[in-house]
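Subject: Structure handover

Hello,

Here is the structure I said I would pass on. My notes on the domain interface follow below it.

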Amino acid sequence: MIETGYLMTDFLHSAEWNSRPRIVAGMMSGTSLDGVDVCIAEFRSENGRDTFTVLHEHTRPFTRQEYQFFKNLIDREQPISIVCDANILLMSLYADTLRKAVDSHSDIQIDAIGIHGQTVWHSPQIHNVCGKNLRSTLQLASPSALAVEFGVPVVSDFRSADVALGGQGAPLIPMFDFSFLRSETQHVTALNIGGMANVTFIPPHSSHNDVIAFDTGPGNVWIDAAMLHYYGKRYDENGATARAGRIIQPMFNELQELGFVAAPPPKSTGREMFAQDYLEDVLRRHVRHFLPPEDAIATLTAFTAYSIAENVRRFGTPTTTLVASGGGVHNRYLIELLIQELPSAAYLPITSFGVSADAKESLCFGYLAYRTLGGRMSNIPSVTGASRPTILGSITLP
Ligand SMILES: Nc1ncnc2c1ncn2[C@@H]1O[C@H](COP(=O)(O)OP(=O)(O)OP(=O)(O)O)[C@@H](O)[C@H]1O
Ligand SMILES: [Mg+2]
């Protein structure tokens with residue numbers, strides 16, 4: 001007799017999944033390598049509209065040793081044994097983080113987990129390998145061990161299906177932005193300032209196809225790299241260092257000329273484009289020994305604000321409601337500069353939607369898992385370039 005466990009009927013039957021509210025833990029670790037974020041939320045679908053309530057959110061920072069391990073993995077060529085270990089180490093860090101959250105809330109019973117994983121390679125453009133034209137993307141963190149440890153389905157590998165359909169596999173956050181941040185009367189710009197910065201433009205009264213989303217350039221990546229270089233710190237706490245510095249005009253002018261800022265969307269970037277080598281070269285040429293290093297931080301912060309604002313001016317609309325999230329929101333000086341750059345925008349904190357700036361992305365991946373288990377598609381082809389919408393991710397059963 002073929003055993004059909006309760007999972008087959010309860011979890012893979014999307015009508016059953018959609019029949020009641022579901023509690024999903026979303027987890028991710030981003031390009032800044034600051035740590036693992038978990039956000040546990042209850043999702044509901046009623047009358048064609050989704051809603052969520054955040055029940056718990058938490059970031060478990062990477063230790064110095066973990067940070068160095070993953071940084072080496074991303075920045076340098078590593079033997080496959082290290083990649084294999086990283087896959088399990090990440091899973092174990094995700095499991096520890098979630099275990100802590102679940103144990104501290106005995107009243108919360110999670111129905112599923114959605115993990116973004118750690119991107120170690122993202123190459124969605126066609127390249128030839130062994131005579132085959134391929135597109136590829138890899139997010140690490142083994143879902144199987146998580147599924148057995150927590151006894152619930154895990155959805156992972158969210159990007160591959162979109163890439164297989166000719167898309168960029170990114171950005172995937174716009175489905176969340178469209179579902180929860182859109183307004184009937186206002187143009188909304190959802191801005192996430194992580195390692196890179198990205199925006200989602202949602203016009204009033206829009207459908208999926210009207211959404212525009214793309215990377216604007218660096219978020220925290222250059223500020224963080226320069227802070228590490230000059231001060232041995234991982235980031236500029238609240239923007240205090242930048243605030244104490246002055247803009248180095250020739251350096252700012254050179255950065256303004258970077259083609260990426262003015263290039264029309266669709267565009268996406270990663271560390272490859274805003275590479276460490278280029279930054280080091282710029283710093284070497286412009287930050288002479290008699291200039292204080294805070295001037296370099298001030299210049300990079302001003303450029304980051306400029307590149308975000310310039311993209312909103314060119315490709316969105318300056319009279320927009322700006323909803324910012326990501327760790328860069330804690331850089332008060334960066335946000336002040338951004339508000340100065342966009343004087344006719346209304347700045348609305350993401351907290352007014354019931355989630356913190358730090359938990360938004362992990363919440364998104366919980367939401368995408370919720371949609372996947374409900375048999376719903378989540379990529380927006382006009383945003384990613386995929387040939388059609390599709391259900392995202394792989395489902396691993398416990
Ligand atoms: N108090 C703070 N002051 C200034 N910057 C901060 C502060 N807290 C966090 N940050 C910045 O936020 C970054 C982390 O942001 P976040 O977690 O959104 O990025 P991420 O994990 O790289 O995500 P993504 O993959 O979306 O880029 C840190 O590297 C740092 O630059
Ligand atoms: Mg992070």
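Predicted model: local features only at pLDDT ≥ 70, side-chain atom pairs only at ≥ 80, totals over all residues.

On the side of domain 1 that touches domain 2, at least two residues each come from strand 3 (49-61), helix 3 (64-75), helix 15 (360-373) and helix 16 (381-384). Helix 15 gives the most to that side, with seven residues. Sorted by class, the domain 1 side has 15 nonpolar, eight polar and ten charged residues.

The count of salt bridges between the two domains is one. Lys-360 and Asp-177 form a salt bridge, in which the closest N and O atoms are 2.7 Å apart. Lys-360 falls within the range of helix 15 (360-373).

As for the domains themselves, the assignment for the chain gives domain 1 as 6-172 + 357-396 and domain 2 as 174-347. The contact between them takes 33 residues from domain 1 and 29 residues from domain 2. Taken over C-alpha atoms, their centres are separated by 25 Å.

The size of an interface is often given as the accessible area lost when the parts come together. For domain 1 and domain 2 the buried area is about 2500 Å², and 54% of it is on carbon and sulfur atoms.

Regards

Methods:
Residues numbered from 1 in each chain as written. Chains lettered and ligands numbered in written order. Heavy atoms only, no water. Domains from an automatic or database assignment. Contact = heavy atoms within 4.5 Å. Buried area = accessible area lost by both parts, 1.4 Å probe. Salt bridge = Lys/Arg side-chain N within 4 Å of Asp/Glu carboxyl O. Helix = DSSP H or I, 4+ residues; strand = E, 2+ residues; numbered from the N terminus. Nonpolar A, V, L, I, M, F, W, Y, C, P; charged D, E, K, R; others polar.
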